[in-house]
Amino acid sequence: SAFGTVRGLFLGAPVKSQIAFQSFRDGRFDAYVMNTDGSRQHRLTAKPNVLFPVWSPDGRKIVYAQGWPDNPDLYVMNTDGSGLRRLTRGPASDGGPLWSPGGRKIAFTKAHAPAVSREPSDSDVYVIIVNVCGDRAFPIYAVGGWPVWSR
């Protein structure tokens with residue numbers, strides 16, 4: 001995979017009562033939310049093959065990659081599943097999104113080979129500035145991946 005091994009990750013919410021996570025059920029990956037005690041699990045995504053759900057710092061939105069194993073793009077939605085918006089589009093595989101501490105930007109990896117390719121791929125770190133008027137992705141670093149924001 002261009003993004004390495006698919007991880008069964010879960011990411012804690014800033015609101016300490018819920019967890020967003022990806023899960024493989026019914027033959028597909030989807031994004032789910034549940035209470036920290038495991039109760040009230042519910043699927044947020046309508047289309048299959050969702051990876052890397054990540055909560056925004058203010059607890060209002062979730063960003064994720066959708067479209068695996070082909071060429072996933074990034075999407076953002078409200079935590080109740082409404083307000084779905086596509087952030088990226090193109091032939092590269094976008095994944096590993098991570099909100100900036102202030103919640104205005106999302107860093108992610110753009111791999112230039114299909115996600116299921118066995119060949120090594122070039123990948124870049126991109127940053128999207130998320131705003132009301134539109135979203136623009138800027139390349140930040142060539143041949144890199146899996147960015148982490150400092151606090």
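A residue is called buried when its relative accessible area is under 20%, exposed when that area is over 50%, and partly exposed in between, using a 1.4 Å probe and protein chains only. By this rule Thr88 is buried, with a relative accessible area of 5%.

The structure is a predicted model, in which local features need pLDDT of at least 70 and side-chain atom pairs count only at pLDDT 80 or more, while totals for chains, interfaces and linings use all residues. Residues are numbered from 1 along each chain as its sequence is written, and side-chain values use heavy atoms, with hydrogens and water left out.

The pLDDT is the predictor's confidence in each residue, from 0 to 100. The chain averages 77, and 73% of the residues score at least 70. Over residues 1-13 the pLDDT is below 50, although this stretch has 38 contacts in the model beyond near neighbours in sequence; contact means heavy atoms within 4.5 Å. Where pLDDT is low, the predicted coordinates should not be read in detail.

Thr88 sits in the loop between strand E8 (85-86) and strand E9 (93-99). Strands are DSSP runs of at least two residues, numbered from the N terminus. Leaving aside neighbours within four places in sequence, Thr88 is in contact with Asp73, Leu74, Asp94, Phe108 and Ile128. The side chains of Thr88 and Asp94 are joined by a polar contact of 2.6 Å; such a contact is a pair of N or O atoms within 3.5 Å, and within protein one must be able to donate a hydrogen and the other to accept it, while residues adjacent in sequence count only if both atoms are side-chain atoms.

Next comes the sheet. Two strands pair if DSSP finds at least two bridges between them. An open sheet of 4 strands has the order E5-E6-E7-E8, with antiparallel pairing. E5 and E8 stand at the edges with a single partner strand each, so one side of each has no neighbour in the sheet. Even so, 6 of the 6 residues of E5 (residues 50-55) are buried, so this strand is largely enclosed by the rest of the structure. E5 is joined to E6 (residues 61-66) by 4 bridges. Across this pair, Leu51 stands opposite Ala65, and Val54 opposite Val63.

Val63 also belongs to the largest nonpolar core, of 15 residues, where Val63, Leu87, Trp99 and Ile106 touch the most other members. A nonpolar core is a set of buried Ala, Val, Leu, Ile, Met, Phe, Trp, Tyr and Cys residues joined through side-chain atoms within 4.5 Å.
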